[in-house]
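Here's a quick tour of a single model, written for someone who likes to check the details on screen. Have the viewer open and follow along.

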Amino acid sequence: MSDDTSDGIDDPERCRFGTRSVHAGQSPDPETGAMAPPLYQTTSYVFDDADSAADLYALESEGHIYSRISNPTVQTLERRLASLEGAPGAVATASGMAALDSAVLVLAEAGDNVVLSTDTYGGTTAYFSKTAARRDIETRLVPTLEPEAYEEAIDDDTAFVHVETIGNPSLVTPDFDRLSTIAHDHGVPLVVDNTFATPHLCRPLEHGADVVWESTTKWLHGSGTTVGGILVDGGQFPWGEHGYDEISGQNHAYHDVDFSRDFPDAPLAAAVRFRSTRSLGNQQSPFDAWQTLQGLESLPLRMDKHCENATIVAEYLADHDDVAWVTYPGLESHPTHDNASNYLSDFGGMIAFGLEGGFAAGKRFCEEVEVAQFLANIGDAKTLVIHPASTTHGQLSPEEQKDAGVTPDLVRLSVGIEDPADILADIDAAIETASAAADESRAGTAERSPEERP
């Protein structure tokens with residue numbers, strides 16, 4: 001890969017987060033002087049000669065070969081996100097799940113296990129239990145907030161420990177410092193899904209994490225138009241000391257290549273690029289990377305507004321008579337409010353709540369909103385809602401849903417950047433309709449004879 005730089009703007013010690021979200025990883029186009037990042041919509045790159053082509057394929061020189069492996073536009077995104085996370089390297093993928101799968105391919109093999117916190121996105125849990133399991137990789141679910149459970153679950157075959165910065169949808173924040181110590185004491189890396197926080201609110205690498213991945217589809221892009229993912233390498237884990245032979249030592253897929261030796265700053269990122277995305281074809285497309293770069297320029301502004309609006313909505317819901325409960329890390333009543341205050345610079349744009357009308361009222365609420373949109377996404381500029389028990393976590397068993405913090409009545413609310421008065425009015429009207437329908441349903445059931453009741 002080519003090594004154009006942005007003259008030190010990537011450096012956190014030189015420029016603050018807001019500046020790097022606009023400039024990091026980017027330089028004026030040397031041919032035209034264009035300042036906007038060019039879109040290199042190409043599959044391939046011309047070789048200077050046969051020897052240079054051979055050197056590129058042998059990883060003995062840097063440059064682009066094929067856009068499944070690397071692309072200049074995608075590289076700009078990778079450098080920007082690495083800078084924002086405070087990392088030496090990153091690899092952009094086609095989705096957040098592609099980033100996770102790329103990491104698992106390099107870090108785990110048949111016979112290994114992964115220690116996974118229970119407060120985890122349903123798609124991630126399903127990936128480990130239903131997909132990684134087909135590769136003979138065991139998943140060991142442990143309660144997110146019980147450090148001793150991680151300690152007990154880790155053994156000689158553990159590939160890594162996985163947690164989320166803000167659990168989906170329970171919104172709990174683990175004790176990163178303690179968990180990273182436990183993982184490192186056992187010689188395994190801590191891998192963190194930072195999607196809900198973004199690097200604007202939390203940089204897990206600063207708290208002992210070794211690998212971070214995110215869905216760039218969400219707040220990083222922010223407009224609900226572009227799917228993508230990112231895998232970030234902290235560059236500090238001693239892979240060679242703990243038997244990770246895909247990353248350290250003679251690599252069986254490349255003659256005389258040792259990623260830890262040849263790519264010492266970010267060996268995991270290099271291994272993922274040349275062993276995962278090259279083989280799986282799950283790289284991010286140039287156009288999607290170009291789109292995400294546009295979104296990143298406004299990330300700090302949007303995140304501040306998401307957090308501000310979410311606080312307003314959470315406080316409103318907490319005082320609403322038809323709301324049975326509400327959870328938001330910014331509320332002192334939240335079980336991990338102290339952890340969130342310690343590890344996050346603000347409390348995010350996600351809220352979970354339940355209506356007194358239960359399961360039926362939660363589903364009906366999602367159907368009644370007008371400003372908010374009922375769909376399977378989060379982190380959009382728009383306010384979004386979904387009922388996880390019947391959708392995102394519907395493929396989990398009732399016990400698995402319970403372990404993940406998904407109750408039958410739970411509504412997940414991704415608060416957007418609209419005027420908060422309009423968000424509140426929309427929520428209030430939907431609650432009123434959903435609650436009235438639930439009351440009518442209960443009344444109808446009570447009036448029927450026992451034989452007629454379902």
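## Ground rules

This is a predicted model, so to speak of a local feature here takes pLDDT of at least 70, and side-chain atom pairs count only at pLDDT 80 or more, while totals for chains, interfaces and linings use all residues. Residues are numbered from 1 along each chain as its sequence is written, and side-chain values use heavy atoms, with hydrogens and water left out.

## Salt bridges

Side chains of opposite charge can pair when their charged atoms come close. The structure has ten salt bridges, each being a side-chain nitrogen of Lys or Arg within 4 Å of a carboxyl oxygen of Asp or Glu. Take Arg135 and Asp101, whose closest N and O atoms are 3.0 Å apart. This pair links distant parts of the chain, 34 residues apart: Arg135 is in the loop between α5 (122-131) and β3 (138-142), and Asp101 is in helix α4 (residues 96-107). Helices (H or I, at least four residues) and strands (E, at least two) are DSSP runs, numbered from the N terminus. Asp101 is buried at 13% relative accessible area, while Arg135 is partly exposed at 33%. For those labels, buried is under 20% relative accessible area, exposed is over 50%, and partly exposed is in between (1.4 Å probe, protein chains only).

Glu246 and Arg275 also meet in a salt bridge, at 3.0 Å from N to O. Again distant parts of the chain are linked: Glu246 sits in the loop between β7 (229-233) and α9 (259-262), Arg275 in helix α10 (residues 267-280), 29 residues apart. Both Glu246 and Arg275 are buried. Glu368 and Arg364 make a local pair, with the closest N and O atoms 2.8 Å apart. They share helix α14 (residues 358-368), four residues apart, or about one turn. Glu368 is partly exposed at 27%, and so is Arg364 at 31%.

Most residues other than glycine have a negative phi, and most peptide bonds are trans. Now look at Asn168 and Pro169: a cis peptide bond joins them, with omega about 10°. Pro169 belongs to the loop between β4 (158-164) and α7 (176-185).

Two non-glycine residues to check for positive phi are Leu59, near 65°, and Asp256, near 55°. Leu59 is in the loop between α2 and α3 and is buried at 13% relative accessibility. Asp256 is in the loop between β7 and α9 and is partly exposed at 45%.

## A negative patch

Asp48, Asp49, Asp51, Asp55 and Glu60 form a negative surface patch. Patch residues have over 30% relative accessible area and no salt bridge, with like charges joined within 9 Å. Glu60 is in the loop between α2 (50-57) and α3 (72-85), and at 59% relative accessibility it is exposed.

Cys15 is buried at 13% relative accessibility, and Cys366 is buried at 2%.

Finally, Thr392 and Tyr121 are 271 residues apart in sequence but 8.1 Å apart in space, C-alpha to C-alpha. Thr392 is in the loop between β11 (384-386) and α15 (398-403) and is buried at 15%.

Notes:
Patches are made of residues with over 30% relative accessible area and no salt bridge: like charges are joined within 9 Å, nonpolar side chains (Val, Leu, Ile, Met, Phe, Trp, Tyr) within 5 Å. Accessible areas come from the Shrake-Rupley method with a 1.4 Å probe; for residues, only the protein chains shown count as cover. Lys and Arg count as positive and Asp and Glu as negative; His and the chain ends are not counted. The place of a charge is taken as NZ of Lys, CZ of Arg, CG of Asp or CD of Glu.
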